[in-house]
There are 2 protein chains.
Amino acid sequence: MKTGEDRLVQKITQALAFKGRSGFVLGVGDDAALVQPRLGRQLVLTCDWFLEGSHFLRDKHPPDSIGWKCLARAVSDVAAMGGEPRYFLLSLALPETHTGKWLGGFLKGLARAERRLQCWLAGGDTTRNHKILINVTVIGDVPAGRAVLRSGARPGDLIFVSGRLGEAELGLRSLRSGRRVIQSNSSPWVKKHLYPEPRLALGRWLAEKRLATAMMDLSDGLSTDLSRLCAASRVGARIAIDKIPKVELPKTKGRKPLGLTELALHGGDDYELLFAVRPKHAGAVPSSFQGLALSCIGEITRERELILAGPEGIEEKLAAHGWDPF
Amino acid sequence: MKTGEDRLVQKITQALAFKGRSGFVLGVGDDAALVQPRLGRQLVLTCDWFLEGSHFLRDKHPPDSIGWKCLARAVSDVAAMGGEPRYFLLSLALPETHTGKWLGGFLKGLARAERRLQCWLAGGDTTRNHKILINVTVIGDVPAGRAVLRSGARPGDLIFVSGRLGEAELGLRSLRSGRRVIQSNSSPWVKKHLYPEPRLALGRWLAEKRLATAMMDLSDGLSTDLSRLCAASRVGARIAIDKIPKVELPKTKGRKPLGLTELALHGGDDYELLFAVRPKHAGAVPSSFQGLALSCIGEITRERELILAGPEGIEEKLAAHGWDPF
């Protein structure tokens, strides 16, 4: 008596749903999922589109990277609040041709992300579509009052970023210029584009220690996202070109310069954390956290504009040139 | 410094987000929303696709009905657990041509649903797409241990439905056969198709009084959804053709019979409630609840099959012929 949709749900559930996980009262298979919220904590709610053509290419991105990344990028928003992911809902629309092998690869990547990020499938919706459409909602939590918002930065705060910026964009470029499905072992930048790691441990640590006054994740590029953080905090920022951690290329003779500064300023999809810290607390921010570099790139200003300071004292206004679908 | 996406989010927020609503710590505009869960309650989590071409037609459905319905149908899953909706996340992908007047109409319908269903925008994601894509996640809650699942029906339980079945499908048919955008005042069936009312009060009352042993909402048609409830409860059902509440047509001469039984058995989108009640409690179920008819249509059986009993004692097996995207 099962419908085609019921069989698809069964396949997804077998790959992803784990019984007996903490907080689950009822998982996939009813009208809705039931979970038990944790005492003393507030819920963190976020959702993200992941659409063929806009966010990934059916013929270029391996299915397991699509599975990994659709969850990782939504979880990154929870990391940016200093929270812990708990559950996710998966909305999946597929062509019938993709309910076999492709779906198997996708679920493998998603199951790996589920375990790595400790964020478990609670439910979702499936339907048929000629393009692959994905929407992921993540429900996380954070100790009450401890979430780090975008709006808390004050003039004088120092601005930090984790990792190196522009790596994922560089990975996307090599993927686009290639002729086939890219293998995950191609290069560290391709790997960062395909399998981004949300900075959960760093976000939680900064929230716990009350070090960050404002925080967000870098998904659309530093120039666009920093302008959003500044708008939310009603401040501006001055950042120094030579302090921004850029892609490190191996030294080879005769290679043309790649515009690494542009990549670092405007490249999207890095899922690193951008955060502000009071000057008196800046000493408590280490130069690396669990192997991840933390760099001070500038400071928050009272003047509501973004200034980019060059190496020889030349200053220019920085416009938001990151990812914008419109 | 605002991007196109920022401006779209602002438009949505101005139409939908209400400050100071209960439980909101932080609404739209940060990496994620923050809400305070209510003590003694479990969370109800559900999401639904609402896609142009599959679930609505751009040229047939008025934009305000798309706004209303995308939230109403997701909230219906919370009603089916006996819960209360609290917040929703809106994922919206639009062609640039639809970010003006069409978006205004859509947001008007959605704002009306928000107030009516007391379910408030907490966040979401927006992007551009050549087709209109909508995904809605609803976060509700229910007193701990009081949710009504699909899996609690036992042999001998009586089967009830609310309202009349097949009305929304009949409305869809007149909409499809029309040449223009259908007006909401066309007919009660068109209205039910365009602006379904989730049965929240009934669902909560049945859960509170512990009357329903199993419950779900009728979204894909009685034959398909009853088979799902029976599968979850590991039982079967026998329902009587002449007890199923069908569309009531005004008497007009010479009208051809419309197959009202088929409509009632397989027509989707009614968002009525289907529930099972122990025989000893059946007397406590009124014939109507707040003006909404409640009809006993049959009983749960030990044999795991669906039987349709005709008016002259003829019985046949009922196959699931409701909505199935695959």
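**View 1. Strand 3 of chain A meets strand 2 of chain B.** In this predicted model, strand 3 (residues 41-51) of chain A pairs with strand 2 (residues 33-35) of chain B, running antiparallel over three bridges. Strands here are DSSP runs (E, at least two residues) numbered from the N terminus, and two of them pair if DSSP finds at least two bridges between them. Look for A:L45, which sits opposite B:A33 in strand 2 of chain B.

**View 2. The contact between chains A and B.** Each side has its share: 59 residues come from chain B and 59 residues from chain A, with contact meaning C-beta atoms, placed from the backbone, within 7 Å. On chain B's side, strand 3 (residues 41-51) gives the most, with nine residues. By class, that side holds 32 nonpolar, 16 polar and eleven charged residues; Ala, Val, Leu, Ile, Met, Phe, Trp, Tyr, Cys and Pro count as nonpolar, Asp, Glu, Lys and Arg as charged, and the others, Gly among them, as polar.

**View 3. Chain B laid on chain A.** The same surface serves both: 100% of chain B's contact residues recur in chain A.

**Notes.** Residues are numbered from 1 along each chain as its sequence is written, while chains are lettered from A and ligands numbered from 1 in the order written. Local features need pLDDT of at least 70 and side-chain atom pairs count only at pLDDT 80 or more, whereas totals for chains, interfaces and linings use all residues.

Methods: Two residues are in contact if their C-beta atoms, placed from the backbone, lie within 7 Å. Helices (H or I, at least four residues) and strands (E, at least two) are DSSP runs, numbered from the N terminus.
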